[in-house]
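Here's a quick briefing to read alongside the model. Have the sequence and the 3D view open while you go through it.

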Amino acid sequence: RKILEVEISGLAAERAGEVDVREMRGQLARMETLIDAPEGYVDADVEFHALLVRSTGNEVLLTMLDPIVELLRTSRRVSASRPGSARRALREHEEILGRVESGDAEGAREGMRVHLANTARDIEAALAEGMLGEEDMGEMDEG
């Protein structure tokens with residue numbers, strides 16, 4: 001994710017239009033509404049990241065991410081299950097979108113780096129705490 005999503009964020013800041021930003025903002029609103037409903041929150045999170053990719057206008061990036069969508073969904077479900085992490089992730093998404101909207105490519109990249117580092121820590125903590133079920137472990141191993 002770091003290799004792809006950091007650069008996707010920068011490209012989105014350079015290329016996203018008003019409609020792209022409005023659609024991403026809509027997903028952030030959904031995340032806020034569904035913050036206590038894990039599956040709905042994760043769906044909105046996945047869609048936010050998909051919209052970020054689409055806003056780059058780069059079909060190759062869309063094609064590259066398609067095969068790993070379920071792995072990404074699993075990692076988001078795991079990370080969002082930790083107390084306080086969904087709210088923190090929402091704030092991080094808002095920061096990234098703000099940078100995209102203002103055309104700050106390097107700021108968007110840095111925001112995504114921070115977000116992904118925090119998500120990785122959440123997943124590591126969930127592993128250490130035994131919060132992952134057999135299904136999650138299998139999906140994470142496949143990725």
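This is a predicted model, and its pLDDT averages 90 over the protein, with 91% of the residues scoring at least 70. The rest of this briefing goes through confidence, salt bridges and the spaces inside the fold.

**Confidence**
- Helix H2 comes out with the highest confidence, at a mean of 98, while helix H8 (residues 134-142) has the lowest, at a mean of 47.
- Residues 137-143 have a pLDDT below 50, and beyond near neighbours in sequence this stretch makes 11 contacts in the model.

- Glu-5 pairs with Arg-76, with 3.7 Å between the closest N and O atoms.
- Glu-32 and Arg-87 make another salt bridge, their closest N and O atoms being 3.3 Å apart.
- Here Glu-32 in helix H2 (residues 18-33) is linked to Arg-87 in helix H6, 55 residues apart.
- Glu-32 counts as partly exposed because its relative accessible area is 39%, between the 20% and 50% cut-offs.
- Arg-87 is partly exposed too, with a relative accessible area of 40%.

- Glu-106 and Arg-109 form a salt bridge with an N to O distance of 3.7 Å.
- Both residues lie in helix H7, three residues apart, or about one turn of the helix.

**The cavity**
- The count is one cavity of 30 Å³ or more.
- The largest cavity holds about 70 Å³ of space.
- Its lining is made up of 13 residues, and those nearest the centre are Asp-45, Ser-79, Ala-89, His-115 and Thr-119.
- Helix H3 (38-54), helix H5 (69-80), helix H6 (85-102) and helix H7 (105-128) each give two or more residues to this lining.
- H6 provides the largest share of the cavity lining, with four residues.
- By class, the cavity lining has five charged, four polar and four nonpolar residues.

**The largest pocket**
- About 250 Å³ of space lies in the largest pocket.
- Which residues lie nearest the centre of the largest pocket? They are Val-46, His-49, Ala-50, Leu-65 and Val-69, out of 18 lining residues.
- H1, H3, helix H4 (59-65) and H5 are the elements that contribute two or more residues to the pocket lining.
- H3 supplies the largest share of that lining, at eight residues.

Key. Residues are numbered from 1 along each chain as its sequence is written. This is a predicted model: local features need pLDDT of at least 70, side-chain atom pairs count only at pLDDT 80 or more; totals for chains, interfaces and linings use all residues. Side-chain values use heavy atoms; hydrogens and water are left out. On a 1 Å grid over the protein atoms alone, a cavity is a set of points where a 1.4 Å probe fits but cannot get out, and a pocket is an open set with protein on both sides within 12 Å along at least five of seven lines; lining residues have an atom within 4 Å of a point. Grid points are joined across faces, edges and corners, and a volume is the space filled by probe spheres set on the points. Ala, Val, Leu, Ile, Met, Phe, Trp, Tyr, Cys and Pro count as nonpolar, Asp, Glu, Lys and Arg as charged, and the others, Gly among them, as polar. A salt bridge is a side-chain nitrogen of Lys or Arg within 4 Å of a carboxyl oxygen of Asp or Glu. Buried means under 20% relative accessible area, exposed over 50%, partly exposed in between (1.4 Å probe, protein chains only). pLDDT is the predictor's confidence in each residue, from 0 to 100. Contact means heavy atoms within 4.5 Å.
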